Amino acid sequence: MTTHMTGTREEWLAARLELLEAEKELTRRSDELARRRQELPWVRVDKEYRFETDEGSASLADLFRGRSQLLVYHYMFGPDYTAGCATCSTIADGFDGFAVHLANHDVTLSAVSRAPLAKLQAYKRRMGWTFPWASSLRSDFNFDFNVSFTEEQQREGVIEYNYERGGHAMDATQVPEPVAQNAAMTGTDAATYSRDRPGMSAFVLEDDVVYHTYSTYARGLDGLWGMYQWLDRAPKGRNEETGGVWWRRHDEYDKR
Amino acid sequence: MVKRGLDTHKTVTQGEWLEARKHLLTQEKEFTRLRDRLSQQRRELPWVKVEKNYVFEGPSGKETLADLFEGRSQLVVYHFMFAPDWEEGCRSCSFWADGFNAIDLHLNQRDVTLVAISRGPIEKLEAFKRRMGWNFKWLSSGNNDFNYDYQVSFTPEALENEVEYNYGKQKTDSSDMPGVSVFYQDSKGNLFHTYSAYSRGIDILNPAYNYLDLVPKGRDEAELEWPMAWLGYHDQYEDRSGNTKREAR
């Protein structure tokens, strides 16, 4: 039997109406944050980044594919990984389904990773995804947008991720269990795994000039990670008290 | 596409941008904490025992509300707008479904079953699901009161006056509206309704909008005839993959 408080429909409704006000307030705050994001100043991108894509060598402007806005998902797939990050894969499962809608609303959503293009292509085939995915292996792109770090930065403890130095679980001296698990799922050790990090960056193309407008990392990605928004509505919530990484790639669960 | 005069936007150095960005980050973190707290409050809502025995038509026959849990303890229902006389599911709901289609199996790992329920007959739901290439389970409530009880469908008589939707009275012409309802099944098989959200309450469950909230033009819907006028079914866009390279404008 449940130990949770139960009530009549009327009692539930009274509590629900109170919560509704708080939900509406949060929605308004979310709209307000979106407005503030749009008000951020832009930074002109002067560096000539080169990417490898399905269509060949491409510039950052090419990644827009004729649209005026570009969202880059910084997908963790370092050159030494044997497979894409499993956590990023659950995020990609979500956006693979709706990237087409964004494309028809003047936004190209593209993943970018450091692994060589052939690895990205093979993994994308395995996962059955269709979104564009470019390799930044031969450019500074990932380093400049603070999602890839050198062994030296790691050694010296000077990694700045999510706008702060050494603040993330992937920077901890004692490797947290989820980081170790994620690393194992990409066929690497924790240090190698942690040299790439997740993030989302936004760019705008105007008169052939690319501007960087926004980047978010760490829990800033939480709202972009479809499954968590649904779990936040379930009675048990995210249900993660046992710790560790409970998710797998979609083709790695025991049964469908 | 409406041009919003982005070309007049303020541009700055990396250092100045960083300062503005860090200021916004503080507000974003505060928002994330507020959202976590709200999720906690949601779970503290009392539950209401479900006394009615709802029977749905599923892909392989009749199923009760209890059956829909598939052995898990939590059930999330997406109230997909598909009235019995419609030939296609609602376009906006299809947008939502494109977002959750591939994540239900991840939710299963956390003891959650996600299904869609509509009043349309199961044959129509199945045909539309095939057309859209979706995998989630979709059931018809055409022969029961489920949609009416959870306030997402309205009788022709009810539509003559204001209807009760999103916890308030409003006038609408639409017999069906979108929403999400959540249920819990205890070890004895008792069923409870725990939560329902409607209207913009399901906004955050469409991650595509959260993505649009990050780009320079935002949702970019203000100057359209209605907010989602830009939206199509994913198989009806000229460019279906979002992958095709377009001619530069």
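Two residues are in contact if their C-beta atoms, placed from the backbone, lie within 7 Å. The views below show a predicted model.

**View 1. Contacts within chain A.** Take the contacts of chain A between residues at least 6 apart in sequence: 63% of them join residues at least 24 apart. Chain A holds eight helices and 10 strands. Of its 256 residues, 49% count as buried.

**View 2. Dimensions of chain A.** The C-alpha trace of chain A spans about 65 × 45 × 40 Å along its principal axes. The radius of gyration of chain A is 20 Å, which agrees with the value near 18 Å that a compact globule of 256 residues would have.

**View 3. The contact between chains A and B.** On one side 88 residues of chain A take part, and they are in contact with 91 residues of chain B. The elements of chain A that give two or more residues to this side include helix H1 (9-39), helix H2 (86-103) and helix H8 (226-231). Among the strands that do so are E4 (69-74), E5 (107-113), E9 (199-206) and E10 (209-217) of chain A. The largest share, 19 residues, comes from H1(A). By residue type, the side of chain A that touches chain B divides into 41 nonpolar, 27 polar and 20 charged residues.

**View 4. A strand pair across the two chains.** Strand E1 (42-44) of chain A also gives two or more residues to the side that touches chain B. E1(A) pairs with strand E1 (residues 11-12) of chain B in the parallel sense, over two bridges. A:Val43 has B:Val12 as its bridge partner in E1(B).

Note on methods. Residues are numbered from 1 along each chain as its sequence is written. Chains are lettered from A and ligands numbered from 1 in the order in which they are written. This is a predicted model: local features need pLDDT of at least 70, side-chain atom pairs count only at pLDDT 80 or more; totals for chains, interfaces and linings use all residues. Helices (H or I, at least four residues) and strands (E, at least two) are DSSP runs, numbered from the N terminus. Ala, Val, Leu, Ile, Met, Phe, Trp, Tyr, Cys and Pro count as nonpolar, Asp, Glu, Lys and Arg as charged, and the others, Gly among them, as polar. Two strands pair if DSSP finds at least two bridges between them. The radius of gyration is taken over C-alpha atoms; the globule rule is 2.2 Å times the number of residues to the power 0.38. A residue is buried if 20 or more other C-beta atoms lie within 10 Å of its own, exposed if 12 or fewer, and partly exposed in between; C-beta atoms are placed from the backbone.
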